[in-house]
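Trainee: I have just opened this model and would like to go through it with you. Could we start with the contacts between chains?
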Amino acid sequence: MLNTVGVFIRVKLPKLIFRPLELKNMKVALFIPCYVDQFYPNVGVATLQLLEKLGVEVTFPMKQTCCGQPMANGGCEQDSKGVYEHFVDIFADFDYIVTPSGSCTYHIKKHYDIIEQTPAVQKIRKSVYELIDFIENVLKIEEIPVDFPHKVGLHLSCHGQRGLRQANASEITGVRDGQISKLLRKLKGIELTELDRNDECCGFGGMFCVTEEAVSARMGQDRISDHLRNGTKVLTGGDVSCLMHLEGIVKRQNAPIKVMHIAEILNGNQP
Amino acid sequence: MTSREKILASIASNKPSLVTMPNVPIFEGDGSVERFKNVLESIGGTAVELTTKAECQEAIDKYYHDLVNVASDIVKANVSINLDTNKDILEQVDLAVIQGEIGVAENGTIWVPESNMLNRALPFITQHLVLVLDKHNIVANMQQAYDKLEGVGNYGVFIAGPSKTADIEQSLVIGAHGARSMMVLIY
Amino acid sequence: MSHQNHPELAEAFNKDFERTTWHDETLWFVRQKRDKAVYPIPEFQDLRTLASEIKDHTLSNLDNYLIEFEQNAIKNGVKVHWAADAVEHNQIVMEIIKNSCKVEGRNPRLVKSKSMLTEECHLNDFLEKNNIDVVDTDLGERIVQFRNEPPSHIVLPAIHLKKEDVGETFYEHLGTAKGEKDPQILTEAARQHLRGKFVAADVALTGVNFAIAETGSFVVCTNEGNADLGVNLAKVHIACMGIEKIIPDLHHLSVYTRLLARSATGQPVTTYTSHFTKPVEGKEMHIVIVDNGRTQQLGREDFRSSLKCIRCGACMNTCPVYRRSGGHSYDFTVPGPIGAILSPNIDLHKHKSLPFASTLCGSCSDVCPVKIDIHVQLYKWRQIVGQANELPAAKKWAMKGMAKVLSMPKVYDLSGKLARGALRILPHGLTHNESMNPWAKARELPDAPKQSFKEWYEENRQ
């Protein structure tokens, strides 16, 4: 995510041959969340390129904006209704909506219950997928041939992990596993960081990051310390929001950690 | 309207429609003496296996020969305790040796009904506590324990190890208000 | 009285970096002990589901179970009292004490084991004002009582204090040596001090962990033995319970006794799980059943499951916000995530910042032994705070503005471009001005790229 602004490195990857039959004729939309669109366009590009390499024909509806989560988490769910309806209008025609954010996916699935449950709304709540979930469970891809000879620390986003159940939760089991780590483990040359606290929240929390600035910052600092202590060189995760917050701390502390979204790594980008 | 009526009326109007009661199974599990002993030791208790109940006296003589005031209906006692014993005498008890009824392997706890206690305060006010337990009465978990119990009587306590606290900085200290040590004699 | 909100109190707590580290690590240690106690039980998740469903059932038939409980308790020779609110609860307790213990020339003496309900009702203050001597006998509670502080945790009342703090308090109140901080020695001093109080007490008060409708019994769980010691030495036993403590029968109790201590402290079970059914001949046993806002919460469909709480405190130990802000920052009897969904029911205006004292990470819901969806309820309370016009005006209008922008793609595209442009031009000192931008106190803003993804897409793919 620290790529120079506006410059996108294309990495040659064998175009994947794999494409499940049932996906032909399926209409797949790419949803790039508002803050990714504005501040992390390279994560959007990596997501798009990755999906294309995996043989998916992706449409990006130009009129998309946001899932409405920021207002809703701030206690203004009712104000979000217009945003929800706009989202539904834009994406209603697609069979799959793929987004590099567990948090937005969770919000749409869980909290689009306050608008009228038209067939379109019901369909959207089912068809929205977080990127890695889509790769593993719709595309059925278990391995992506990428070299990544770095020590990688995975930050589990709570909405992906506990919201969408994309990874085991330490409250439930001592086995540390999940969708992202399954793919990461298979990258060539990669070493994964064993954290002291595998799934503690980073402290971003939407508006929380400013309304509860002191605790939010402290939580982020503690996550970074855990990664530093255990040797992380590249910090990754499935949600740009967590990573934006953690990167903000890394940069402030001048810590020797590079922050990359999982789409960037799987797309073959190098730190 | 009394408060009782007010509360009950408020519940009646606010409660949801009836939700079905789940079927609570009696879970299986390891109810071995070995497990019971291991768990008991992990929570600060001590377990000693005897061949027969008659060996209790010998064990008490061996482990507690330095204690003066002993209350018991199982081994030799020199303080007589009953329902009416006053606090001053209870306070002097160094060791109470009483019968436990059911042991639970999963958590090292032992059921002690009032009828075994001599006085309700005894298991708590004594400085040291010994419970005597028939190994055939060890079950795997709490489901099995309550299943085996025929009611809880007037008063009864599951006791698991010595009294303890970690209220100061999470440092475990054995011997908060109740017994400073707890031994189980298993026969 | 001016009331500070959670962010202010949390910020103050975080001023001491080292102490925050210590507080976080101490509670995380408890969370880890909990994990170690939970993982080896193969049916633990089934037990959570059962515990949740038993409570769902019980709450849906609560009035009948309370009546059944009352009838059985009366048959057992127990006196049952009902209190609609805290004031009535306190009055009842006082009258029981005054009627049952006619002492001359001194105040009646009450020893109390831990009861969050009596904390909620502010019973101690009330009794002391009415000339009754009150001694909290749980070690942690006694420490905070000496210090005139509320507990900061429902299971570990003095968890915010270091052993040096306790040493200082005991030096002052119990005459331990100046500078003594060994927990063993301090605990022994409390033991000696409190033994005297137990023996001298006229009345003992306990909380109730579970009340069994079928038998009219109630169960009290402690580690120290203070509940049993107090109750069995005093002439009168008063047990105070919220209406939600009821469960149908002993078989159901077995589910909760397997969950409570493992979730709370990582012990396989509490040292003492005491079942009180009948008083000893010549002694008195009273039960005070209290509403104090609970029936109102029962009527709130989205929040009624908060009444399933068995007060294990696991949600506090796991909460990354609680661990880094301390129990007192919640300014409510029950702090932490569960407190943040109970408190708005009592006073929405006063506690409006609590549903926002969370990242909605969901750890609380996953750790909860009765599966309360705490983080979902936090989200829902936020909406109620918003609708009740309790949000700060600036936030409210910012949200409305943002919502408008985000529902109009062209306006969104343009505002994004302008904002990024501004961020690129403005000096770092201004964009990272701490008083205007709290984000920047400890974090850098992301670089503002020239192109948004949309602009890139337009240029490269269309």
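Trainee: How many residue pairs are in polar contact across the interface of chain A and chain C?
Mentor: This is a predicted model, and across that interface there are 38 residue pairs in polar contact, with both residues at pLDDT 80 or more.
Trainee: Which helix of chain A gives the most to the side that touches chain C?
Mentor: Helix α11 of chain A, residues 213-229, gives the most to that side, with nine residues.
Trainee: How do the residues on that side of chain A divide by class?
Mentor: The side of chain A that touches chain C has 36 nonpolar, 24 polar and 18 charged residues.
Trainee: And how many residues of each chain are in contact there?
Mentor: The contact involves 78 residues of chain A and 78 residues of chain C. Between them, chain A and chain C bury about 6800 Å², with 59% of that on carbon and sulfur atoms.
Trainee: Which residues of chain A lose the most area to chain C?
Mentor: They are A:Glu171, A:Arg218 and A:Arg252, which together account for 11% of what the chain A side buries.
Trainee: What is the count of salt bridges between chain A and chain C?
Mentor: The count is eleven salt bridges. One pair to look at is A:Arg162 and C:Asp366, whose side chains meet in a salt bridge at 4.0 Å, N to O.
Trainee: Which other salt bridge does C:Asp366 form with chain A?
Mentor: The side chain of C:Asp366 also meets that of A:Arg165 in a salt bridge, at 2.7 Å from N to O. This pair crosses between chains: C:Asp366 is in helix α17 of chain C, residues 363-367, while A:Arg165 is in the loop between α8 (158-163) and α9 (179-185) of chain A.
Trainee: How many salt bridges are there over all chains?
Mentor: Over all chains the count comes to 53 salt bridges.

Trainee: What area do chain C and chain B bury between them?
Mentor: They bury about 6800 Å², with 60% of it on carbon and sulfur atoms.
Trainee: How many salt bridges cross the interface of chain C and chain B?
Mentor: There are six salt bridges across that interface. C:Lys163 and B:Glu169 form a salt bridge, with their closest N and O atoms 3.9 Å apart. As for polar contacts, chain C and chain B have 44 residue pairs, both residues being at pLDDT 80 or more.
Trainee: Which strands of chain B and chain C pair with each other?
Mentor: Strand β8 of chain B (residues 155-159) pairs with strand β9 of chain C (residues 272-276) in the antiparallel sense, over five bridges. Within that pairing, C:Ser274 in β9(C) is the bridge partner of B:Val157.
Trainee: Then what about chain A and chain B?
Mentor: No contact joins chain A and chain B, and their closest C-alpha atoms lie 19 Å apart.

Trainee: On to the sheets. What is the strand order of the six-strand sheet in chain C?
Mentor: The open sheet runs β1-β10-β7-β4-β2-β3, and the pairing is parallel. At the edges are β1 (79-83) and β3 (133-136) of chain C, each pairing on one side only. The twist averages 20° from one strand to the next.
Trainee: How many bridges join β4 and β7 of chain C?
Mentor: Strand β4 (residues 203-206) and strand β7 (residues 236-242) of chain C pair in the parallel sense over four bridges. In β7(C), C:Ala239 is the bridge partner of C:Thr206.
Trainee: Which strands does helix α4 of chain C touch?
Mentor: Helix α4 of chain C (residues 62-75) packs on the sheet and touches β1, β7 and β10 (284-290) of chain C. The direction of helix α4 makes about 145° with that of β1(C).
Trainee: And which strands make up the open sheet of chain A?
Mentor: Four strands form that sheet, in the order β6-β5-β7-β8, with parallel pairing. The edge strands are β6 (191-192) and β8 (258-261) of chain A.

Terms used. Residues are numbered from 1 along each chain as its sequence is written. Chains are lettered from A and ligands numbered from 1 in the order in which they are written. This is a predicted model: local features need pLDDT of at least 70, side-chain atom pairs count only at pLDDT 80 or more; totals for chains, interfaces and linings use all residues. Side-chain values use heavy atoms; hydrogens and water are left out. Buried area is the accessible area (1.4 Å probe) that two parts lose on being put together, summed over both. A polar contact is a pair of N or O atoms within 3.5 Å; within protein, one must be able to donate a hydrogen and the other to accept it, and residues adjacent in sequence count only if both atoms are side-chain atoms. Two strands pair if DSSP finds at least two bridges between them. Helices (H or I, at least four residues) and strands (E, at least two) are DSSP runs, numbered from the N terminus. Axes are lines fitted to C-alpha atoms, for helices over the stretch in contact, and angles run from 0 to 180 degrees between N-to-C directions. Contact means heavy atoms within 4.5 Å. Ala, Val, Leu, Ile, Met, Phe, Trp, Tyr, Cys and Pro count as nonpolar, Asp, Glu, Lys and Arg as charged, and the others, Gly among them, as polar.
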